Amino acid sequence: MDKICIVYTHSKVGDLIWQLPYIESISRFHNTKIDLITRKETQAKSILGDLNYIHKVEYNTFRKGILYWLDVLKLFIFFIKNKFSHAYILDKVNKPAIAAKFAGIKNIIGPGIGKQKDWLTISKFLSESDKKLNYSEQSQKLLKLNNIPIKNIYPNLDIKLNNSNINLDIKKLEGKIISFGIDSGENFKMWYEEYFVELAEKLYKEKLFNYIFLICSKVNQSMAQKIINNSKRKYFIDCSNVNLVNLMAALKKSSFFVGNNAGPLNISAAMNIDSFGLIANSPISELKYSKIIPITPDNYQDNVWYRNREGMKNLTVDKVYYFILS
C-alpha cells in the first residue's frame with residue numbers, strides 16, 4: 001500500500017483551505033489517508049480533525065536561513081521514521097524536496113519551479129511562467145501533469161458540534177444566528193466598524209437574526225468592543241477569544257456569514273455556509289475556486305489592488321444590505 005505525505009509550507013489558514021480539494025484528490029487517487037505537514041499557524045490539527053482523508057497532521061516551522069536547515073533535518077527524520085512511498089509538495093519550496101530525496105523517498109512530486117525540479121523524481125514540471133498562476137491553479141496543473149483526477153475544485157470543511165472542545169455557550173445558544181467577520185490580517189481589506197453596526201440594525205429590522213457572532217482575532221478585540229459599544233442592541237457576541245474549533249462551531253450555527261476577505265470567510269465558505277465577502281480593494285478573481293459570494297462597490301474594478309482602507313468606504317452599507325436581501 002502507498003504511504004503518502006503532503007507538504008504545504010504557507011502559513012495562512014485561507015491558503016491551506018484552498019488546497020483541500022487537491023489534498024483530498026491525492027488521497028482518493030492513492031486510496032489511502034495522507035499525512036499532512038504544514039505550519040503551526042494554520043492550526044490544521046484543530047480545523048482538519050474531522051476530515052476522513054487525513055490520517056495525521058504534523059507541524060514544521062519552515063524558518064529561513066540556517067534555522068530552515070534545522071527544520072529540513074526534522075523533515076528528514078520524520079520521512080525516515082515513517083517510510084513514505086510518496087511525498088507531494090504543493091508549493092515551489094525546494095528544501096522539503098531535498099529532505100525527501102536524502103530520506104530515500106522514491107516518488108517526490110512537486111511543481112518543479114526553480115531549483116526544486118532538481119530534487120524531484122518526476123519528469124513533467126510546471127513552467128517558470130506558471131509562477132503567475134494562483135496557488136489553486138498551480139496545484140490543479142500539478143495534479144493534471146501527474147494524471148490525478150480532481151473531483152471537486154471547491155474546498156469542503158466540517159466540524160461536529162458534539163466535539164468536546166466546543167464551548168457550551170456556543171452549543172446551547174438558540175435562535176436565529178448570523179456571523180460577521182470584522183477583521184483581516186491586512187488592514188486595507190477591513191470594512192469599518194460603524195458599517196457593521198448599521199448593517200446589523202438593518203438586518204435586525206428584517207428579523208433575520210437574534211444574535212450575531214463577531215469573529216475576529218484576539219489582537220483586534222478592540223474592533224469587536226467598538227461595535228458592541230457603538231450599538232444600542234444586545235445581540236452581539238464577542239468571539240475574539242475563541243480558538244478555531246469554536247470559531248467553526250459558531251459558523252456552523254450561523255445561517256449566513258458576512259465578512260472581510262480573510263481566513264474566517266474562507267472557512268465559512270468551505271463549510272457550505274452562505275458567505276458574503278466584503279471586497280473593495282482586492283481582486284475577486286482570486287476567489288473563483290471557493291464558494292464565497294463577493295459583494296463589491298458599484299465602481300469596482302477586478303484585478304486591481306488598492307492598499308488603503310479608505311477604499312473600503314466605496315462599499316456602502318445599503319449595497320451590502322440590499323445584496324444580502326436579494
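Select helix α8 (residues 193–205) and helix α9 (residues 221–230) in this predicted model: α8 passes α9 in a right-handed crossing, the near helix being turned clockwise from the far one by less than a right angle. Their axes, lines fitted to C-alpha atoms over the stretch in contact, lie 9 Å apart at an angle of about 45 degrees. Show the side chains next, and you will find E193, E194, F196 and V197 of α8 in contact with M223, K226, I227 and N230 of α9, where contact means heavy atoms within 4.5 Å.

Now pick E201 and R233, which form a salt bridge with their closest N and O atoms 2.9 Å apart; the term requires a side-chain nitrogen of Lys or Arg within 4 Å of a carboxyl oxygen of Asp or Glu. This pair links E201 in helix α8 to R233 in the loop between α9 and β8 (236–238), 32 residues apart.

Finally, select K288 and E137, a salt bridge at 3.0 Å between the closest N and O atoms. K288 lies in the loop between β10 (274–278) and β11 (293–295) and E137 in helix α6 (residues 135–145), so the pair ties together parts that are 151 residues apart in sequence.

Residues are numbered from 1 along each chain as its sequence is written, and side-chain values use heavy atoms, leaving out hydrogens and water. Local features need pLDDT of at least 70, and side-chain atom pairs count only at pLDDT 80 or more, whereas totals for chains, interfaces and linings use all residues.

Terms used: Axes fitted to C-alpha atoms, helices over the stretch in contact; angles between N-to-C directions. Helix = DSSP H or I, 4+ residues; strand = E, 2+ residues; numbered from the N terminus.
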